[in-house]
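Subject: Structure handover

Hello,

Here is the structure we talked about handing over. Please open it first, then read my notes below.

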Amino acid sequence: MVESAEVSTLLDELTRLTGREDPYPRYRRLREISPIVRADDGALVVTRHADCVAVTRDPRLGHMPSHMLEFVQPGWADHPALHQLFTSILAINPPDHTRLRRLVSSSFTARRVQALQPRIAEMVQDLLVRMDGDVDFIDAFAFPLPVNVIGELLGVPEADRAQFQGLVRDWTQVLEVITPEVLATADPAAATIREYLAGLAAERRREPGDDLMSALVAAEEDGDKLTEDELLTMAALLFAAGFETTTNLLANSVVALLRNPDQLELLRRQPGLAASAVEELLRYDTPVQLLARVAWEDVEIAGVPVQGGERFVAYLGAGNRDPERFADPDRLDLARPDNAPLSFGGGIHYCLGAPLARLEAQIAIPALLAHFPKLTLAGEPGRRDSLAIRGYTQLPISVG
């Protein structure tokens, strides 16, 4: 396990916008230095593919338990933004996680996702025909598509969906940093989201529909049901995750393709490559760059004994570029065989919405390229200032 001035410098650069613009050379250097390095805050950082897999899948590693959360963030349960995050399946452990995931999985099925395919295609075409000249791809396409898809899935009326962009962005600031200033914005946003979803759930109890909210309200297994708190927390998480990650997947993909015109033309000529292309685009520049875990007991990762209680950070973006796993990993190759990315995590916390994100991208990206044969960048993209989430705040393009 290595601690050095160079490691500290590299990790510090990754917390700054200049380092996040292109983190991959820094990831490469960290992999070369050691399988595990220790950050200044004590966390153990892994950057190799095999070690990222181990951290995401080892059942002896999990999220920080609630009693430890109280020590790290006193009074967290009194803040709507933190309660809504830390009690969701994104942040809890078995057996609570197992129970909630089972109940939700019975409603959020592959059949329900696939049934959305025609509507997603309609939404894509509707957005494409509205785009003309120079536009911001985030505002014109990458945000409205996934927010409308998850809204359609949950049964949120179309007129109500746009408000969630700002609300979710304000709420999910707590994924990056928790300060009184952040909470002053995040708490009211989380409360507003919850209040809206509570009203929607009440409507679906009175008049059930064919949407996911109705299914979640009715979900039951062996006499077990979601409590009201669990239902609203789950719906809020699905709404946030349902467009936050997909927005960045779409934007990152467009930038990667425009900067690799040979691959853009390949996908334009062969839209049947869409499934492989989306996997490669996820690998090449993943929207989720890292995840954190805590060792519940003594473990061994990368051949290094680690004591229980140690914190891990797995840089998924680094593992996706590990040359021991992917040949010529810094090259975008849409036809690359065996290109499954780490981007949706692994083990029991594998992203519940991964099939939906993949489906949206597989439909949207080939359609975008086919509709706009002269698609180009119209300016420098504005990088999102985030450690965990990689994406853009503005993406100017010209559609010809």
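Start with a charge over a ring. Arg 321 lies over the face of Tyr 24, with 3.7 Å to the ring centre. Keep in mind throughout that this is a predicted model.

Tyr 24 also belongs to a group of rings. Ring pairs link Tyr 24, Tyr 27 and Tyr 315 into a cluster. The whole structure has seven aromatic pairs. One of them is Tyr 27 with Tyr 315, a tilted pair at 5.2 Å centre to centre, with 45° between the planes. This pair links distant parts of the chain. Tyr 27 sits in helix H3 (residues 24-33), while Tyr 315 sits in strand S10 (residues 311-315). They are 288 residues apart.

Another aromatic pair joins Phe 164 and Phe 239. This one is stacked, at 4.1 Å centre to centre and 25° between the planes. Phe 164 is in helix H12 (residues 164-171) and Phe 239 is in helix H15 (residues 228-258), so the pair ties together parts that are 75 residues apart in sequence. Phe 164 has a relative accessible area of 1%, so it counts as buried. Phe 239 is buried as well, at 0%.

Now the cavity. The structure holds one cavity of 30 Å³ or more. The volume of this largest cavity is about 90 Å³. Which residues line the largest cavity? Tyr 27 and Tyr 315 are among them, as are Leu 14, Arg 20, Pro 23 and Gln 289. The lining also includes Arg 383, Arg 384, Ser 386, Leu 387, Ile 389 and Arg 390. By class, six lining residues are nonpolar, two are polar and four are charged.

Arg 383 lies over the face of Tyr 392, at 4.2 Å from the ring centre.

Next, the second largest pocket. About 240 Å³ of space lies in it. Its lining has 13 residues. Nearest its centre are Asp 126, Leu 127, Arg 130, Asn 148 and Glu 158. Three helices each supply at least two lining residues: H9 (117-130), H10 (137-142) and H11 (144-154). Which helix gives the most to this lining? H9 does, with six residues. By class, the lining has seven charged, five nonpolar and one polar residue.

Last, a few backbone points to look at.

- Pro 94 and Pro 95 are joined by a cis peptide bond, with omega about 5°. Pro 95 is in the loop between helix H6 (80-86) and helix H7 (96-105).
- Ala 302 has a positive phi, near 55°, in a residue other than glycine. Its place is the loop between strand S8 (299-301) and strand S9 (304-306). Ala 302 counts as partly exposed, at 27% relative accessibility.
- Asp 338 is not a glycine either, yet its phi is positive, at about 50°. Asp 338 lies in the loop between helix H18 (316-319) and helix H19 (354-371). Why does Asp 338 count as exposed? Its relative accessible area is 58%, and exposed means over 50%.

That is the handover. The file is yours now.

Best wishes

Terms used
Residues numbered from 1 in each chain as written. Predicted model: local features only at pLDDT ≥ 70, side-chain atom pairs only at ≥ 80, totals over all residues. Heavy atoms only, no water. 1 Å grid on protein atoms, 1.4 Å probe; cavity = no way out; pocket = protein on both sides within 12 Å on 5 of 7 lines; lining within 4 Å. Points joined across faces, edges and corners; volume = space filled by probe spheres on them. Nonpolar A, V, L, I, M, F, W, Y, C, P; charged D, E, K, R; others polar. Helix = DSSP H or I, 4+ residues; strand = E, 2+ residues; numbered from the N terminus. Phe/Tyr/Trp six-rings, centres within 6.5 Å; stacked < 30°, edge-to-face > 60°. Buried < 20%, exposed > 50% of the residue type's maximum accessible area, 1.4 Å probe, protein only. Lys NZ or Arg CZ within 6 Å of the ring centre and 35° of its normal.
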